[in-house]
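User: I'm new to this one and would like to learn how to read it. Could you walk me through it step by step?

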Amino acid sequence: MKRILSGIKPSSEILHLGHYFGALKQWVGLQKTHTCLFPVVDLHALTIPQDPQKLRESTTNVAKTYLAVGLDPKKSVIFKQSDVVAHLELFWILNTITKVSELLLMTQYKDRVQKNGPQSALAGLLNYPVLMAADILLYDTNFVPVGDDQVQHIELAREIARRFNQKFGQTFVIPQPMVEKIGARIMSLDDPAKKMSKSDSNPNSCIALTDKPAVIREKIKRAVTDSGKEVKYDPKKKPGISNLLTILSLVLNVSIKSLEKKYKGAGYGRFKSDVADTLVRFLSDFQNKYNKISDARVKKVLADGARKARKTAEKKIEEVYKKVGLK
Ligand code: AMP
Ligand code: TRP
């Protein structure tokens with residue numbers, strides 16, 4: 001079976017609809033056909049200042065979310081990145097063949113620097129994609145299912161893998177990004193030109209998976225729509241309505257075309273209220289499952305996962321150390 005790896009940073013309490021549709025939903029399906037590893041990438045979260053206690057809680061909550069959406073520890077290896085030290089060992093080795101000029105091209109880095117000023121840019125933020133490459137290459141990953149903002153990082157991981165193989169002989173599998181046609185970029189509710197993001201300053205821009213029904217209804221009601229009345233998919237002219245159509249089609253597993261037909265002549269009001277009702281039902285179901293998972297269960301799943309991940313990772317790092325002459 002081909003191998004899958006992907007992860008989410010525990011960098012705030014909330015995971016949102018973008019995480020679900022861009023990443024988690026496809027992960028759940030892939031478990032049937034692939035060997036899967038899903039780390040909670042806590043080392044990556046440190047690239048933004050974190051309160052230590054909050055980081056521990058967010059890590060538990062991200063793992064709980066993995067379980068509640070249907071990732072199954074019997075089928076997939078669910079673990080905490082920092083529990084497997086080989087990620088950091090490979091990170092260093094890969095840093096020695098990665099050019100600073102390549103890292104300076106990364107959009108996520110450039111955006112952050114532009115937002116916060118070059119003075120505040122940390123070395124960890126610049127090197128973040130190298131750690132991500134280590135996560136991926138350590139396990140001979142074939143496919144990396146992510147939202148479209150991560151594709152550039154995976155392209156870099158491919159380049160680093162090729163370079164290492166060329167220099168030291170065949171060692172790493174060249175990974176490929178796996179991006180859904182619909183859902184790879186869920187947009188912000190208050191500004192559909194931006195992606196839905198947990199770091200957005202406006203809380204109404206984003207629906208958290210743990211939002212309560214009244215909050216969900218209010219956020220959908222306030223969601224920016226466009227002039228006109230027609231419920232039609234046209235991301236250029238109607239980005240707000242198109243985003244809501246995308247979300248509704250993903251929750252219901254029906255085509256956008258069939259939704260356009262259903263809401264022909266209905267107006268935005270009825271459409272939005274249906275989107276809200278559907279999300280309330282979907283997220284209540286998720287939250288019921290989420291609330292039943294104890295911290296003790298999460299702890300056990302992560303400990304078992306780390307044991308399995310270490311087995312694979314340690315073999316690979318041993319091979320890498322030999323190839324570069326450390327052993
Ligand atoms: P992060 O919160 O940056 O660790 O993101 C984890 C995963 O969720 C990555 O695969 C992202 O591409 C995906 N993701 C985050 N935000 C969105 C969004 N608004 N739409 C689609 N995918 C997203
Ligand atoms: N950088 C990714 C993000 O911000 C998270 C991540 C870290 C990741 N390591 C990974 C995703 C390995 C896929 C595979 O979303």
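Analyst: Let's begin with domains, whose bounds come from an automatic or database domain assignment. Here the assignment gives domain 1 (3-179 + 294-324) and domain 2 (203-290). Keep in mind that this is a predicted model, where local features need pLDDT of at least 70 and side-chain atom pairs count only at pLDDT 80 or more, while totals for chains, interfaces and linings use all residues. Residues are numbered from 1 along each chain as its sequence is written, chains are lettered from A and ligands numbered from 1 in the order in which they are written, and side-chain values use heavy atoms, with hydrogens and water left out.

User: How many residues does each domain bring to the contact?

Analyst: Contact means heavy atoms within 4.5 Å. The centres of the two domains, taken over C-alpha atoms, are 31 Å apart. Twelve residues from domain 1 and 15 residues from domain 2 take part in the contact.

User: And what is the area buried between domain 1 and domain 2?

Analyst: Buried area is the accessible area (1.4 Å probe) that two parts lose on being put together, summed over both. Between these domains that comes to about 1200 Å², with carbon and sulfur atoms giving 77%. On the domain 1 side, Leu17, Phe21 and Ala68 lose the most area to domain 2, together 45% of what that side buries.

User: How many salt bridges and polar contacts are there between domain 1 and domain 2?

Analyst: A salt bridge is a side-chain nitrogen of Lys or Arg within 4 Å of a carboxyl oxygen of Asp or Glu. A polar contact is a pair of N or O atoms within 3.5 Å; within protein, one must be able to donate a hydrogen and the other to accept it, and residues adjacent in sequence count only if both atoms are side-chain atoms. Between the domains there are zero salt bridges, but four residue pairs are in polar contact (both at pLDDT 80 or more).

User: How many salt bridges does the structure hold?

Analyst: Side chains of opposite charge can pair when their charged atoms come close. The structure holds 20 salt bridges. One of them joins Arg162 and Glu159, with the closest N and O atoms 3.0 Å apart. Helices (H or I, at least four residues) are DSSP runs, numbered from the N terminus. Arg162 and Glu159 are three residues apart in helix α8 (residues 151-168), so about one helical turn separates them.

User: Which residues come nearest to ligand 1?

Analyst: A residue is near a molecule if one of its heavy atoms lies within 4 Å of it. Of the 17 residues around ligand 1, His19, Asp149, Ile186, Met196 and Lys198 come nearest. A polar backbone atom of Met196 is 2.9 Å from a nitrogen atom of ligand 1.

User: What about ligand 2?

Analyst: Ligand 2 is surrounded by 13 residues, and the closest are Lys9, Tyr128, Met132, Asp135 and Gln150. A polar side-chain atom of Tyr128 lies 2.6 Å from an oxygen atom of ligand 2.

Technical notes: Helix = DSSP H or I, 4+ residues; strand = E, 2+ residues; numbered from the N terminus.
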